Amino acid sequence: MSLRLSTVILPVRRWQEGGRGQWERAEELGFHTAYTYDHLSWRVPFRDGPWFGALPTLTAAAAVTGRMRLGTLVTSPNFRHPVTLAKELLTLDDISAGRVTLGIGAGGNGFDATVLGRQAWTARERADRFAEFVPLLDRLLTEDAVTYEGTYYSAHEARGIPGCVQRPRLPFAVAATGPRGLRLAARHGQAWVTTGDPRLSATGTPEQSRAALRGQLAGLGRACAEAGRDVAELDKVLLTGFTPEGAGPLESVDAFVDFAGRHAELGFTELAVHAPIADSVFAADETVFEKIATEVAAQLA
């Protein structure tokens, strides 16, 4: 099987008190990409503890790494505007010498949805905003100057000079499961991201989860066909930890190899595993985690 192994480092440590070391160690372990979440705060219990900004963290990580790719899983319109986000991404892509991937999704009803003092958007409005956000961001990262007037977002002579190091722009990894989101992935994505079917996370079985993932992949294939694009052009990324297996795959090397093999057979090309965080849903044995990174990655390539 051919499957890349990446990691997710939540921004919960001060840079000088272990944060920097995590990113440096991730590169030493050989992960393809190290991602972080892009939230202003996340779910309990993380909400009431340290939580740092994604893009400044990735900028610092770019300065202390040199090979590993860096990215968000995922950025959303909840508190972002395409114009300001494009400028920050262009800068980060430059600082990292072209190692950035933007994971992007429609957002949800978590704390980020109300932190700016507004009512959370409905699912329909989130989808409508996402459908406008992604194409505008695409333009802002590929054109020198953009003027646009939409329903939700505007840009007036927004400059994107000198453009991204990566051409025509840094890659988008679009998180989506519904038809509209999958169409955006097919049109604008270089990768597609899923966490599985959230309805199965707590009470479903691994078999049911894989069936649901197979259905999502089929939907992506249909969206690509409608867009006149070969679905093989897109990487397929599974953000692990949210399927019924939970943290089970990180209990042993053998467990992870089995999990990885089953999902590679479905068509996934990249697995993203969370770096261990004690006393959380991402608790795992650090030694096993590092063995997976160093021993299993070679088997997956």
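Let's start with Glu157, which is partly exposed, with a relative accessible area of 46%. For this talk, buried means under 20% relative accessible area and exposed means over 50%, with partly exposed in between, using a 1.4 Å probe and protein chains only. Glu157 sits in strand β6, and it has a positive phi of about 50° although it is not a glycine.

A quick word on the model. This is a predicted model, where local features need pLDDT of at least 70 and side-chain atom pairs count only at pLDDT 80 or more, while totals for chains, interfaces and linings use all residues. Residues are numbered from 1 along each chain as its sequence is written, and side-chain values use heavy atoms, leaving out hydrogens and water. When I say helix (H or I, at least four residues) or strand (E, at least two), I mean a DSSP run, numbered from the N terminus.

Asp279 also has a positive phi, of about 55°, and is not a glycine either. Is Asp279 buried or exposed? It is exposed, with a relative accessible area of 76%. You can look for Asp279 in the loop between β10 (270–274) and α8 (286–300).

Now please find strand β3, residues 69–75. Of its 7 residues, 6 are buried. Which strands pair with it? Two strands pair if DSSP finds at least two bridges between them. Strand β2 (residues 33–36) pairs with β3 in the parallel sense over 4 bridges. For instance, Tyr35 has Gly71 in β3 as its bridge partner. To get from β2 to β3, the chain passes through helix α2 (residues 54–64), and this β-α-β crossover is right-handed. Right-handed means that, with the strands pointing away from the viewer, the path from the first strand over the helix to the second runs clockwise.

Strand β4 (residues 100–104) also pairs with β3 in the parallel sense, over 4 bridges. Here Thr72 has Leu102 in β4 as its bridge partner. With helix α3 (residues 82–95) in the path, β3 and β4 make a right-handed β-α-β unit.

Val74 belongs to strand β3. Another cis peptide bond joins Arg167 and Pro168, with omega about 5°, and Pro168 lies in the loop between β6 (154–159) and β7 (172–175).

On to the rings. Rings of Phe, Tyr and Trp (its six-membered ring) pair if their centres lie within 6.5 Å; planes under 30 degrees apart are stacked, over 60 edge-to-face, and the rest tilted. How many aromatic pairs does that rule give? The count is 11. Take Phe31 and Phe289: their ring centres are 5.6 Å apart and their planes are at 35°, so the pair is tilted. This pair links distant parts of the chain, 258 residues apart, with Phe31 in the loop between α1 (19–29) and β2, and Phe289 in helix α8. Phe31 is buried at 6% relative accessibility, and Phe289 is buried at 4%.

There is also a cluster, in which ring pairs link Tyr37, Trp42, Phe46, Trp51, Phe242 and Phe282.

Last, charges over rings. I count one if NZ of Lys or CZ of Arg is within 6 Å of the ring centre and within 35 degrees of the ring normal. The charged end of Arg47 sits over the ring of Phe111, 3.7 Å from its centre. Arg169 has its charged end over the ring of Phe172, 3.6 Å from the centre.
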